[in-house]
Amino acid sequence: MKLLKPITLILCGFLLFSCSQEPKAPSEPNFLFILVDDLGYNDVGFMGSEFYETPHLDKLASKGMVFTNGYANSAVCSPSRASLMTGRFTVVHGIMTPPI
């Protein structure tokens, strides 16, 4: 019981000290990678679409960086997704068609 009071005071002091510190900005950049099947180059508002409304993606793009050069390993989603996940070309990982 005698040890309980000093430990409680130390914990309270630590909590007060840690709460009074300003949160630090992350030292490394954050990346958000969005993978969507069958999404065309100009199917989002910030790339010029007048048909589809994408207000959340437009806001995200306006506050960040947009990369406009890309490469798809296949015109079909399964081989392209497998290439992205394995880091290998389509002929190497062997997934050529979507599963049936």
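The dialogue below examines how terms are assigned in this predicted model.

Tutor: In this predicted model, local features need pLDDT of at least 70 and side-chain atom pairs count only at pLDDT 80 or more, while totals for chains, interfaces and linings use all residues. Residues are numbered from 1 along each chain as its sequence is written, and side-chain values use heavy atoms, with hydrogens and water left out.

Student: What pattern does the protein chain follow along the sequence?

Tutor: The pattern is α-α-α-α, with 4 helices and 0 strands in the protein chain. Helices (H or I, at least four residues) and strands (E, at least two) are DSSP runs, numbered from the N terminus.

Student: Why is P79 called buried?

Tutor: Buried means under 20% relative accessible area, exposed over 50%, and partly exposed in between, with a 1.4 Å probe and protein chains only. P79 has 0% relative accessibility, so P79 counts as buried. This residue lies in helix 3. Of the 100 residues of the protein chain, 10% count as buried.

Student: Why are the buried residues of helix 3 said to line one face of the helix?

Tutor: The buried residues in helix 3 are S78, P79, A82 and S83. Seen down the helix axis, they fall within an arc of 135 degrees, and therefore they line one face. The arc is that of the directions from the helix axis to the C-beta atoms. As a general rule, an α-helix has 3.6 residues a turn, so residues three or four places apart point the same way.

Student: Which helix do the buried residues of helix 3 pack against, and what follows helix 3?

Tutor: They pack against helix 4 (90-93), where contact means heavy atoms within 4.5 Å. Helix 3 is followed by G87, whose phi is positive, near 80 degrees.

Student: What does P79 touch, not counting residues up to four places away in sequence?

Tutor: With that exclusion, P79 touches S74, T90, H93, I95, M96 and T97. The C-alpha atoms of P79 and T97 are 6.5 Å apart in space, although the two residues are 18 apart in sequence. V91 belongs to helix 4, and its C-alpha atom is separated by 9.2 Å from that of P79, 12 residues apart along the chain.

Student: Is V91 buried or exposed, and how is M96 classified?

Tutor: V91 has a relative accessible area of 69%, so V91 is exposed. M96 has a relative accessible area of 43% and is therefore partly exposed. M96 lies in the segment after helix 4 and touches P79, T90 and V91, not counting residues up to four places away in sequence.

Student: What makes the pair of F51 and Y52 edge-to-face?

Tutor: A search of the whole structure finds 1 aromatic pair. Rings of Phe, Tyr and Trp (its six-membered ring) pair if their centres lie within 6.5 Å; planes under 30 degrees apart count as stacked, over 60 as edge-to-face and the rest as tilted. The ring centres of F51 and Y52 are 4.9 Å apart and the planes stand at 85 degrees, so the pair is edge-to-face. F51 is exposed, with a relative accessible area of 68%, whereas Y52 is partly exposed, at 43%.

Student: Why is T54 called buried?

Tutor: T54 has a relative accessible area of 15%, and therefore T54 is buried. This residue is found in the loop between helix 1 (4-20) and helix 2. T54 touches D43, V44 and G45, not counting residues up to four places away in sequence.

Student: What makes a set of grid points a pocket, and what makes it a cavity?

Tutor: On a 1 Å grid over the protein atoms alone, a cavity is a set of points where a 1.4 Å probe fits but cannot get out, and a pocket is an open set with protein on both sides within 12 Å along at least five of seven lines; lining residues have an atom within 4 Å of a point. The largest pocket is lined by 38 residues, of which F33, I34, L35, L39 and F67 lie nearest its centre. Helix 2 (55-63) and helix 3 (77-86) are the elements that give two or more residues to this lining, and helix 3 gives the most, with 5 residues.
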